[in-house]
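The sequence and the structure come first, and the questions follow.

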Amino acid sequence: MQKTSARLLSLLSLLQARRDWPGALLAERLDVSARTVRRDVDRLRELGYPIAAFKGPDGGYRLDAGAELPPLLFDDEQAVALAVALRIATTSGAGIEEAAARALNTVRQVMPARLRHRIDVLQVTAVERPASRASTRVDSDVLMALGAAVHAREVLRFDYPAATVPGVGEDEREADRPSPPPRRAQPHHLVTWGGRWYLVAWDLDREDWRTFRVDRITPRVPTGPRFVPREVPGGDVAAYVAGRFNGSGASGDWPCRGEVILDLPAAAVSRYAYDGFVEELGPDRCRLVMGSWSWAGLAATLGRFDADIEVVGPPELREAFAHLAHRYARAATSPPVGSGTTATPAASVRPDRPRAGRSG
C-alpha cells in the first residue's frame, strides 16, 4: 500500500483525469478500502481542494472549481505541452505576454530535472507571417468581457470608432462617420485571423452579420438582455469568417477558382499548391485546381510554376492569362525610366523547378 502522501497525490491525479469517480472504482484503483478513500478525500479538502460528493447507486466524488486555484498535477506530456503553449503565447495578440512568461517560469521551477531539460532545449521562436498591416494587441480584460457575453448569450453595447484605413473582411461600412453611435449586437464567436482578434456577431441595428475588430471595441456596461442564438450563415463559423476575408460570403471558398494542366510531376506541384487540388496525369504531367481573390491573381500564381500551362477553364482564367501576357510583353520591351533606349532583354535563366511558393 502506498504511503499516505503518495496516495493523496495519486487520488488527486485521478480526480483531475475525469469529472465523476465512483467511490468503489477509486478504491479499486488505489487498492484501498472505501473508508480510506473517504478519509483521503477529507484530507484533500483540508488542503483546499473543493471535492464534492454525489449520491446514487454509483455514488462517488468529483473535483469542483473553488474560489482559489489549488495546486495542480500534470503528467509528463501535459507539462511539456503546457510549456510549449506558453512559449508561443506571445503571438496570440491577447495581451498576455508577460503573464505567460511568468507562468512558464513558475511551471519550469517545479518540473523535475528530466522535464526541465526537455523544455530548455526546445527553444521556440514564434514568427508570424509577414503582413502589410501592423500587428495589434488587444486588452485581455476586453477579451474576457466579450467571451463572457458570448457564453452568457447577452446583448453587447459597445463603442466602435471608424477605422482610419478600411481593411479587408472588417466592418468598415460606417468609416465616414466621425462619431458613430454605440453598437448593439448579439455576440456569437471570438475568432483569430491573421494575427488579429475578431468578434462575430449579429448587428441588431443593421439586422445583418458583422465581424468586428476586438482591438477597436470598448464594451459598455451593463450588458443587455439574453437572446436566443442564431445560426451563423452556413453553420460553420470558420468557413464563414474565411469567406468574409476571401470575399466569397459564407461558403468559405475562393471567389475565383480555375483548373489547369501543368507539365510537371504531381509530387513536385503538391508541395507548393497549398490548398489546391493536384491530380497526377503522368510522370511529368498533372492537373491543378486552385483559387484566389481575382482571376489575374490566380493566373499570376499559376505562372510561378516554371512549366507549360494548359488552361482547362473557366474562360475568365484564360482571359486573365491573355491580359497578363500583354502586360508582361509591354513591360519586357519598355525602355527604362529616364532612358531613351530600349532595354536589352536579359538572358533566360531556368533554375530548378518548380519555383512557386519560394520566398525571398
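Q: Is Gln 186 buried, partly exposed or exposed?
A: The model is a predicted one, in which local features need pLDDT of at least 70, side-chain atom pairs count only at pLDDT 80 or more, and totals for chains, interfaces and linings use all residues. Residues are numbered from 1 along each chain as its sequence is written, and side-chain values use heavy atoms, with hydrogens and water left out. Buried means under 20% relative accessible area, exposed over 50% and partly exposed in between, computed with a 1.4 Å probe on protein chains only. Since the relative accessible area of Gln 186 is 9%, the residue is buried.

Q: Which residue has a side chain joined to that of Gln 186 by a polar contact?
A: Gln 186 belongs to strand β5, residues 183–193; helices (H or I, at least four residues) and strands (E, at least two) are DSSP runs numbered from the N terminus. Leaving aside neighbours within four places in sequence, Gln 186 is in contact (heavy atoms within 4.5 Å) with residues including Val 155, Trp 202 and Phe 227. A polar contact is a pair of N or O atoms within 3.5 Å; within protein, one must be able to donate a hydrogen and the other to accept it, and residues adjacent in sequence count only if both atoms are side-chain atoms. At 3.2 Å, the side-chain partner of Gln 186 is Arg 230.

Q: What is the length of the polar contact between the side chains of Arg 62 and Asp 20?
A: Arg 62 is located in strand β3, which spans residues 60–63. Beyond four places in sequence, the residues in contact with Arg 62 include Arg 19, Asp 20 and Phe 54. The side chains of Arg 62 and Asp 20 are joined by a polar contact of 2.7 Å.

Q: How do the axes of α10 and α11 lie, roughly parallel or roughly perpendicular?
A: Two packed helices are described by the angle between their axes and the distance between the axes. Axes are lines fitted to C-alpha atoms, for helices over the stretch in contact, and angles run from 0 to 180 degrees between N-to-C directions. The axes of α10 (residues 295–303) and α11 come within 8 Å and cross at roughly 70°. Angles under 35 degrees count as roughly parallel, over 145 as roughly antiparallel, 65 to 115 as roughly perpendicular and the rest as oblique, so α10 and α11 are roughly perpendicular.

Q: How many residues in the contact of α10 with α11 are charged?
A: Among the residues that meet are Trp 295 and Leu 298 in α10, and Glu 316 and Phe 321 in α11. Ala, Val, Leu, Ile, Met, Phe, Trp, Tyr, Cys and Pro count as nonpolar, Asp, Glu, Lys and Arg as charged, and the others, Gly among them, as polar. The contact of α10 with α11 holds eleven nonpolar residues, no polar ones, and of charged residues, one.

Q: What is the phi of Asp 31?
A: Asp 31 sits in the loop between α2 (23–30) and α3 (34–46). With 61% relative accessibility, Asp 31 counts as exposed. Although Asp 31 is not a glycine, its phi is positive, at about 60°.
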